[in-house]
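Subject: Handover of a structure, with findings

Dear colleague,

Please find below the structure that I am handing over to you.

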Amino acid sequence: MTVRVIYYTAEDLEKHGDLELRRKSDVIEDTEFNYNDVFQLKEQKHGWLLTPLNPTENPLFHNEEVISETTVVKNGFAFNSATTFYKLIAEFPPAERSAQNRIFSILTAGIVALILLLELVLVILLPVMQEQDSGKAQRVAVQRCENDINTIRGKLRTDKEKNKEFTNAAILFLRKELNRVTDYFRKNRDYMTIEEIELMRSRLTKYNILADKLSGEIDFDQKVIPDVNGWIKRNCTIEGK
C-alpha cells in the first residue's frame, strides 16, 4: 500500500491552512522504510507499524502522549515531534473498472460522438437548406409577378376601330408605364427580395384594376349636357306659383 507522509510545522499550518499542507508531502511505495531517521513505518494488512527511531533525543507525540514503542496506526494517523507535525495517508490505486462499466463508457462515448456529429451536420446543412428554400420562394414570387405583367398586357391590346381616341390614349399611357416597370423588374428580379417583389405586385394589382376599366370601353368622349331648365325649375321656382 502506498503511503503519503504529510509534514508541516506550526508556522506552515498558521500560514497556509490545512488545504495547502498536502503539497508538503512524500509519497513512498516501500512496504518498510525509515523516514528521515525520525520513525520507521512497516506495512500491515490494515495500517502500519510505527516505530520511533530516536525516542530519547527526538521523541514523537500523539495526543500529547509520548510514543515510546512500536504502535499499530491506521490511515489518517497524526503525530508530531518537537518541531514537525506528521500525518499518514494511504494512497489507494484507482479501482479497476468492470466489463459492464467499460461497455457503458464506450456506449456513452459513442452516443456523445454521434450527437456531436449530428449537430455538426445540422449546423452545416440548415443554412444551405434555408438558402435553397428561400431561393425557391423567390423564384415562385418572380414567376407570379411575370404572370401579372402578362395578364395586364393582354388586357391592354387595343382595337383602334373599336376604341375611341381618348380610350386608346389612356391605354397607351398605361402600357408605357407598364413597360417601364417591366424593364426595371426584368433587370433586377434576380436581386430583389420577396418583400420587394410583393410590393411590385401590389402596384401591378392597381394597374390591373385600371386595365379592367379601360377594357370595358369607358367613354371618355361622352359629353354631359346640363339640364338647365330642370335645375331652374327645381331650385328657382317660387312655391305657390
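Predicted model: local features only at pLDDT ≥ 70, side-chain atom pairs only at ≥ 80, totals over all residues.

Residues are numbered from 1 along each chain as its sequence is written, and side-chain values use heavy atoms, with hydrogens and water left out.

Strands and sheet

Helices (H or I, at least four residues) and strands (E, at least two) are DSSP runs, numbered from the N terminus. Two strands are said to pair if DSSP finds at least two bridges between them. On that basis, four strands form an open sheet in the order β3-β4-β5-β8, and their pairing is antiparallel. The edges are taken by β3 (32-35) and β8 (71-73); each has a single partner strand, so one side of each has no neighbour in the sheet. From one strand to the next, the twist averages 30 degrees (axes are lines fitted to C-alpha atoms, for helices over the stretch in contact, and angles run from 0 to 180 degrees between N-to-C directions).

Within this order, β4 (residues 39-44) and β5 (residues 47-52) are joined by six bridges in the antiparallel sense. Glutamate 43 has tryptophan 48 of β5 opposite it.

Strand β10 (residues 85-91) has two pairings to note. With β1 (residues 2-8) it runs antiparallel, over seven bridges, and tyrosine 86 in β10 is the bridge partner of tyrosine 7. With β9 (residues 78-80), β10 is also antiparallel, here over three bridges. Lysine 87 in β10 stands opposite alanine 78, and a hairpin of four residues leads from β9 to β10.

A buried loop residue

Leucine 60 belongs to the loop between β5 and β6 (61-62). Its relative accessible area is 0%, so leucine 60 is buried (buried means under 20% relative accessible area, exposed over 50%, and partly exposed in between, with a 1.4 Å probe and protein chains only). Contact here means heavy atoms within 4.5 Å. The C-alpha atoms of leucine 60 and phenylalanine 39 are 8.5 Å apart, although 21 residues separate the two along the chain.

Salt bridges

How many salt bridges does the structure hold? There are seven, a salt bridge being a side-chain nitrogen of Lys or Arg within 4 Å of a carboxyl oxygen of Asp or Glu.

One of them joins the side chains of glutamate 146 and arginine 189, at 2.1 Å from N to O. Glutamate 146 is in helix α3 and arginine 189 in the loop between α4 (165-188) and α5 (194-215), so the pair ties together parts that are 43 residues apart in sequence. Helix α3 covers residues 99-155. Glutamate 146 counts as buried because its relative accessibility is 11%, whereas arginine 189, at 27%, counts as partly exposed. Apart from neighbours within four places in sequence, glutamate 146 is in contact with Phe185, Arg186 and Arg189.

Another salt bridge links aspartate 148 to arginine 201, with the closest N and O atoms 2.7 Å apart. Aspartate 148 lies in helix α3 and arginine 201 in helix α5, so this pair ties together parts 53 residues apart in sequence. Arginine 201 also forms a salt bridge with glutamate 198, the closest N and O atoms being 3.9 Å apart. These two residues are three apart in helix α5, and therefore separated by about one helical turn. Glutamate 198 counts as partly exposed, at 35% relative accessibility.

Threonine 182 is placed in helix α4 and, with 1% relative accessibility, counts as buried. Neighbours within four places in sequence aside, Ile149 and Arg153 are in contact with threonine 182.

A nonpolar patch on the surface, with about 1000 Å² of accessible area together, has among its members Leu114, Val121, Ile124 and Met129. Patches are made of residues with over 30% relative accessible area and no salt bridge; like charges are joined within 9 Å, and nonpolar side chains (Val, Leu, Ile, Met, Phe, Trp, Tyr) within 5 Å. Accessible areas come from the Shrake-Rupley method with a 1.4 Å probe, and for residues only the protein chains shown count as cover. Methionine 129 is in helix α3 and counts as partly exposed, at 44% relative accessibility.

With kind regards
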